[in-house]
Amino acid sequence: MKKMIMILVGAALIAGLAWASPEDDREAFIQYYQKRFPKVAVDDYVNGVYAIDEAAYEQWQTIEEFPPYELALGEGKELFETPFANGKTYADCFPNGGIGIRQNYPYFDTETGQVKTIELEINECREKNGEKPLKYKKGPIAAISAYMAYTSRGKKLDIVIPDDPRAMAAYEAGKEFYYSKRGQLNFSCADCHVYNAGMMVRADKLSPALGHPTHFPVYRSKWDDMGTLHRRFDGCNKQVRAKPLPSQGEEYRNLEYFVTYMSNGMEVNGPGARK
Amino acid sequence: MASGIRMKAKLKGDTAEVKTLMKHEMETGTRKDKKTGETIPAHYITEVKAELNGKVVMTANFGPAVSKNPYFAFNVSGAKAGDTLTVNWVDNEGKSASEELTLS
Amino acid sequence: MGVSRRLFLRGAAAAAVLMALPRALLAWPEKAFKANSRDDVMKALFGGTEASESSAVVLNAPDIAENGRVVPVSVSSTLDGVETIGIIVEENPSPLAASFDLGPGAAADVSTRLKMGKTSNVIAVVRADGKLYTAQKEVKVTIGGCGG
Amino acid sequence: MNKQRLIAGALVLGAFFAGSVQAADEAAYAKSCAAADEARKMAAELRFEWNTVGPMIAKANDAAKAGDFGKAVKLCDEARKQSEASVAQARKQADAWRAAVVK
């Protein structure tokens with residue numbers, strides 16, 4: 001199935017069909033939200049659901065006075081700076097010593113032909129230096145990633161799709177995932193966070209997809225804990241009664257690639273606090 | 001940070017506005033372990049003391065209804081730059097932690 | 001048999017708790033935290049239930065809690081001589097959530113975050129110069145899980 | 001004497017009958033759950049498995065262990081139906097998603 005889609009994508013590209021470019025996709029995405037919520041400035045979408053929910057916004061501001069993720073930030077900084085057994089540190093694995101680089105993730109690595117997320121590279125760094133990989137959804141990796149995001153606050157997401165058919169295929173695969181209905185409830189990501197953003201599901205207001213990836217990892221009150229973007233993907237998939245796919249597996253990384261591209265140009269403001 | 005207490009303070013005139021966040025589970029004693037089905041014993045901070053230059057200015061008594069990783073903010077008058085502000089907590093198991101900062 | 005055994009067990013558990021309490025904790029108002037009604041909390045913490053509602057007590061809490069696990073609540077007062085502030089969540093199994101004893105220099109202005117099991121009145125009680133003043137507000141709690 | 005023999009005969013026959021019913025039930029369970037497993041495998045390969053299916057099959061296996069093959073068959077039949085529905089979902093979405101893209 002997947003192969004067939006790839007071939008189709010490839011064929012379409014070669015045939016030069018009127019295929020929407022990622023940039024067309026992104027512009028259409030923003031226009032959609034501007035039409036739907038005319039009073040909300042595009043830049044405000046970095047605040048997630050709080051951009052479209054005034055009462056909740058105030059409560060969130062109260063929490064932000066001393067957000068619960070600050071504990072994780074302290075832990076993350078410590079972990080980030082503590083050398084591995086071989087004396088090297090995370091800083092040795094990343095450009096600019098890992099500081100202020102979150103806005104460039106995820107990126108397409110033309111060498112390995114796959115999408116690299118910051119969490120994936122944190123673990124690659126560990127393994128390269130003889131350390132055991134961390135679990136991807138929560139705990140130390142969320143703390144380290146939170147710290148790295150924090151050092152990048154205010155920088156604008158700059159996701160690049162290089163001139164490489166594999167990169168385009170990864171983007172398209174992420175897009176396909178985003179718009180495909182899944183699970184027993186037969187909902188796609190877009191059904192909730194695009195077409196029903198702002199509507200209530202039981203007691204919750206559905207957050208808009210625009211700006212979603214700017215504030216991860218997040219401290220969620222529901223978790224009483226920090227979690228990575230893929231932990232949230234996992235939760236969303238479960239909510240529509242689909243079996244979640246592996247964190248940092250190809251599908252979720254491609255999904256992150258697409259979703260983050262849609263928020264290109266928006267400021268990194270992670271880590272975030274959410275209910 | 002090893003104490004698991006984060007503190008922030010701002011001096012406005014002679015008033016210090018202090019905010020603290022304390023890492024603690026705050027177990028209510030009514031939750032059940034999902035795997036074993038056993039009740040998780042209550043474990044929560046009972047008392048937080050705030051001291052200015054070694055003198056107690058405020059004591060907060062907590063029950064298990066205070067949220068996980070408790071937040072506690074308060075204001076102290078008669079403070080000036082260079083003063084030492086200390087916050088320490090004790091929990092129902094007798095564990096404790098302490099953190100201090102110098103006002104500036 | 002059943003009853004007396006249970007009584008005995010409860011007694012034993014209470015004794016165990018008391019023994020486990022470190023000395024520094026003796027000031028912790030255990031009775032008030034164990035009380036299960038607003039009036040019992042008032043009696044245990046303040047020695048009486050007679051209180052007047054006062055606009056000099058300001059209680060800040062959301063109309064609708066985003067998540068009952070983390071409800072921001074703050075209490076301040078313009079009254080002179082504030083000694084103690086109590087925060088009661090009426091519908092919680094143990095209504096007293098927190099109390100604050102103010103020493104010299106402490107302002108009557110405290111903030112914290114509370115767990116609320118369901119929609120409930122939140123009551124701020126302030127003792128100033130030996131008298132009790134209150135402010136209260138209903139906070140709605142809904143449960144959910146689809147926030148982003 | 002005759003009567004006794006009759007009773008004994010009836011008992012033997014009854015036991016044989018019960019045994020064969022049990023064997024038939026067990027075979028139905030094996031068949032139904034093998035079909036469920038296969039459908040589930042297909043859904044998983046397409047990455048479209050529903051999270052309702054795994055627990056259902058686990059429950060079916062528990063029921064079979066406890067000897068309740070009727071219940072096990074019911075659960076496996078439902079698990080197979082849901083897996084087939086998710087495979088159909090995957091096939092449909094392979095094209096349908098394009099129509100949902102924001103334009």
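## Hairpin, interfaces and loops

Q: Which residue of the hairpin of E6(B) and E7(B) takes a positive phi?
A: Let's start in chain B of this predicted model. The hairpin of E6(B) and E7(B) has 4 residues between its strands. Phi is near 85 degrees at the residue asked for, B:Gly94.

Q: How many bridges join strand E6 of chain B to strand E7 of chain B?
A: E6 of chain B covers residues 84-91 and E7 of chain B covers residues 96-102. The two strands run antiparallel, and B:Trp89 is one residue to look for, standing opposite B:Ala97 in E7(B). The number of bridges that join the strands is 7.

Q: What pattern does chain B follow along its sequence?
A: Chain B has 0 helices, and its secondary structure includes 7 strands. Its C-alpha atoms fill a box of roughly 55 × 20 × 20 Å along the principal axes. Reading along the sequence, you will find the pattern β-β-β-β-β-β-β.

Q: Which strand of chain C pairs with strand E5 of chain B, and in which sense, parallel or antiparallel?
A: Here the pairing is between two chains: E5 of chain B, residues 71-76, takes part over 4 bridges. One bridge to find on screen has B:Val76 on one side and C:Ala106 on the other. The sense is antiparallel, and the partner strand is E7(C).

Q: About what area is buried between chain C and chain B?
A: On the chain C side 29 residues are in contact, and they meet 29 residues of chain B. Carbon and sulfur atoms give 52% of the buried area. The area itself is about 2300 Å².

Q: How many residue pairs are in polar contact across the interface of chain C and chain B?
A: If you look for salt bridges between chain C and chain B, the count is 0. Polar contacts can be found, though, with both residues of each pair at pLDDT 80 or more. Their number is 19 residue pairs.

Q: Which element gives the largest share of the side of chain C that touches chain B?
A: Strand E6 (96-102) and strand E7 (106-114) of chain C each supply at least two residues of this side. The largest share is 8 residues. By type, the residues of this side divide into 18 nonpolar, 6 polar and 5 charged. The element with the largest share is E7(C).

Q: About what area is buried between chain A and chain D?
A: Now over to another interface, where 24 residues of chain A are in contact with 19 residues of chain D. Carbon and sulfur atoms give 58% of the buried area. The total comes to about 2100 Å².

Q: Which residue of chain A forms a salt bridge with D:Glu49?
A: Across the interface of chain A and chain D there are 2 salt bridges. In the one with D:Glu49, the closest N and O atoms are 3.9 Å apart, which falls inside the 4 Å limit for a salt bridge. The partner is A:Lys243.

Q: Which helix gives the most to the side of chain A that touches chain D?
A: Polar contacts across this interface come to 10 residue pairs, both residues at pLDDT 80 or more. Helix H2 (22-36) and helix H7 (165-179) of chain A each supply at least two residues of the chain A side. That side divides into 11 nonpolar, 4 polar and 9 charged residues. With 4 residues, the helix that gives the most is H7(A).

Q: Is the disulfide of A:Cys93 and A:Cys125 right-handed or left-handed?
A: The structure holds 2 disulfides over all chains, and in this one the S to S distance is 2.0 Å. The pair links distant parts of the chain, 32 residues apart: A:Cys93 is in the loop between helix H4 (69-81) and strand E1 (107-109), and A:Cys125 is in helix H5 (residues 118-128) of chain A. The torsion about the S-S bond is about 70 degrees, so the disulfide is right-handed.

Q: Where is A:Asn96, whose phi is near 55 degrees?
A: A:Asn96 has a positive phi although this residue is not a glycine. To find A:Asn96, go to chain A and look in the loop between H4 and E1.

Q: Which residue does a cis peptide bond join to A:Pro271?
A: A:Pro271 lies in the loop between helix H10 (250-262) and strand E7 (272-274) of chain A. Another cis peptide bond joins A:Phe216 and A:Pro217, with omega about -5 degrees, and A:Pro217 is found in the loop between strand E4 (204-205) and strand E5 (218-220) of chain A. For A:Pro271, omega is about -5 degrees and the partner is A:Gly270.

How values were computed:
Residues numbered from 1 in each chain as written. Chains lettered and ligands numbered in written order. Predicted model: local features only at pLDDT ≥ 70, side-chain atom pairs only at ≥ 80, totals over all residues. Heavy atoms only, no water. Contact = heavy atoms within 4.5 Å. Buried area = accessible area lost by both parts, 1.4 Å probe. Salt bridge = Lys/Arg side-chain N within 4 Å of Asp/Glu carboxyl O. Polar contact = N/O pair within 3.5 Å; in protein donor to acceptor, adjacent residues only side chain to side chain. Nonpolar A, V, L, I, M, F, W, Y, C, P; charged D, E, K, R; others polar. Pairing = 2+ DSSP bridges. Disulfide = S-S within 2.5 Å.
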